[in-house]
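Here are a few friendly notes to read alongside the model.

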Amino acid sequence: MKKIKIAFLLLSFGFISCDNYLDLGENPNQLLADAATPDQYLSAAQTLSFATQASTMERLGLLFSNACAGNVQSYASPFNDEVSLNITNIFYRTIWENLYLRAGVYQKIIDYNDEAKAFQEFKAISKIGKVYNMQYIVDLYGDAPYTEAFKGISNITPKYDDDFTIYQKLFTELDEARTLIDDIGGGLYPNSVGKSVDYDMIYSGNMNSWKLFANTIELKMLLRMSKVTGAAATYRDQRLEDMVANGHNSFITTDVTIQPGYNDGRNDTLNPLVFNFGYDLNGTATNYNLFAASGHIAKCMNTYANVNYPTGATFEVVPGTGVLYPNLADPRRFSIFTSIGGTHRGVTQGSTNVDVVKPGTLTTGQPSKFSSYFFNSYNQTGTGTTLPTTQIGNNLAGVRGTIMSIAECHFLKAEAAHLGAVKPAYALLGLNAQASFNAGVNASLAFYAVTSTTYLTTINASKPNYGYNATFTFNENYNAIMYQKWISVLPSNAIEAYIDNTRTGFPINPMPLNSSYPKRPNRLIYPSSEYIANSANVPNVSLSDLFSVSAKTPFWQQ
């Protein structure tokens with residue numbers, strides 16, 4: 001409880017300003033923030049960073065990865081902008097604004113004048129946290145302020161840096177963080193040892209775990225760069241070689257979670273995933289009734305016999321691709337979305353009714369909604385019942401937040417090993433695609449608290465595009481990795497599935513009905529706050545720029 005109080009106290013005293021680059025200057029409303037030391041900043045930076053991931057980023061990921069649709073039985077035209085791809089400079093603008101604000105808090109720690117060398121652990125952690133936030137800025141927007149950002153009132157109109165240059169600087173910050181960790185472990189900063197234990201809400205000051213997380217973030221960023229060419233490819237391959245040479249090819253071994261003291265004392269101390277997608281403490285739905293299982297995911301997770309495919313229709317995910325829905329009852333299906341009559345009731349994105357149902361049942365009535373295990377509530381039975389409002393206080397409010405699941409890490413390793421067959425630098429990591437894929441599926445099953453002795457063997461033996469097998473084609477196995485990763489990140493980091501699809505084309509999933517575009521956007525538009533406050537520097541991005549590959553596309557897609 002103490003830790004979350006610190007985070008929200010700093011927030012309430014003006015930690016968040018209207019300046020995108022965290023103006024913590026001479027503002028009388030920010031006296032507490034100005035006087036704060038790294039031990040007070042860290043808890044706020046971590047708590048608020050996860051709150052962004054578990055709110056707007058999660059929402060966009062669920063919709064843009066076609067896991068969710070709107071509950072058309074209860075709302076008129078839910079998620080119309082997301083489904084019609086009406087993307088403007090106010091579309092999800094808080095992703096940019098909040099990621100910058102949180103990165104700025106980390107920068108405040110990094111810049112702290114630590115003459116006694118008592119806060120080196122905090123600085124290492126903050127470098128890693130800042131990189132985690134800023135790589136999403138590049139991945140979702142491309143060019144962005146970096147070298148001149150985070151300077152408060154000293155520079156309120158920072159220039160935009162090239163996005164590949166930013167990535168290089170982020171890799172350098174990871175190197176600096178790992179060097180700090182090694183130096184602390186080597187006794188160079190004795191005054192710092194153990195100082196972050198009570199303020200680090202992710203690893204409780206375990207610096208070896210932070211080093212493994214830094215390695216995993218680097219692997220993820222290098223996989224973002226899998227298709228780059230020229231100088232960027234040379235740089236990527238050198239980084240992969242250096243990872244092995246420097247012993248940075250060991251990765252996280254458990255879920256990366258955060259627990260600042262989430263509790264049922266107030267709505268703003270609830271786990272943010274619960275509050276944003278479930279219920280508040282009064283049992284009032286705070287978006288729970290807004291989200292429905294998409295028709296696409298209902299088809300993915302149920303057999304053909306349990307879905308009302310049109311007469312004569314093929315079972316292709318996208319017509320012409322040859323990729324069929326798996327025709328398999330996924331054992332995780334009712335841990336993610338509620339069971340209605342032993343199957344799901346889904347809404348095809350863009351549909352005006354609940355159109356994916358069990359044959360012979362009505363398309364009126366409520367669709368499937370998030371099941372209790374979507375919120376990582378291990379106290380439930382996993383049978384797919386509706387999230388009970390009575391469980392908010394004693395089961396869900398205090399559940400840890402998942403920043404990166406171990407399943408996600410396993411699929412990163414599987415992808416790297418898979419790519420090693422065509423891009424030898426990835427093979428230097430010494431990873432095994434089949435073993436990592438199997439570990440990822442098993443970790444995903446465990447995350448959703450289900451046990452199956454047949455699912456993995458079935459998909460690997462006979463379900464190309466969903467299982468991994470040396471006899472399947474390269475693209476079938478690539479789709480399988482991304483499909484299983486998509487399922488695994490849904491309740492923890494769904495934005496990853498959207499980014500994965502823009503960079504690889506996998507997993508294949510259909511567009512909303514009557515979409516004017518053949519694919520989802522390659523990037524988002526800079527927020528209106530940038531065009532107002534930093535108009536001389538912000539690039540002008542049009543709607544057409546979102547759906548074509550150009551200099552305005554994130555560099556790893558060009």
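**Notes on pockets and packing**

1. The lining of the largest pocket comprises eleven nonpolar, six polar and three charged residues (Ala, Val, Leu, Ile, Met, Phe, Trp, Tyr, Cys and Pro count as nonpolar, Asp, Glu, Lys and Arg as charged, and the others, Gly among them, as polar). Those 20 lining residues include Lys-299, Glu-316, Val-317, Tyr-325 and Pro-510, which lie nearest the pocket centre. A pocket here is an open set of points, on a 1 Å grid over the protein atoms alone, where a 1.4 Å probe fits, with protein on both sides within 12 Å along at least five of seven lines; lining residues have an atom within 4 Å of a point.

2. This is a predicted model, with local features needing pLDDT of at least 70 and side-chain atom pairs pLDDT 80 or more, while totals for chains, interfaces and linings use all residues. Residues are numbered from 1 along each chain as its sequence is written, and side-chain values use heavy atoms, without hydrogens or water.

3. The second largest pocket is lined by 21 residues, with Ser-77, Asn-80, Val-83, Gly-350 and Ser-351 closest to its centre. Its lining has nine nonpolar, twelve polar and no charged residues.

4. Now the helix pair: the axes of H6 (residues 120-141) and H7 (residues 163-185) come within 9 Å and cross at roughly 160 degrees (axes are lines fitted to C-alpha atoms over the stretch in contact, with angles from 0 to 180 degrees between N-to-C directions). H6 is therefore roughly antiparallel to H7 (an angle over 145 degrees).

Technical notes
Helices (H or I, at least four residues) and strands (E, at least two) are DSSP runs, numbered from the N terminus. Angles under 35 degrees count as roughly parallel, over 145 as roughly antiparallel, 65 to 115 as roughly perpendicular and the rest as oblique.
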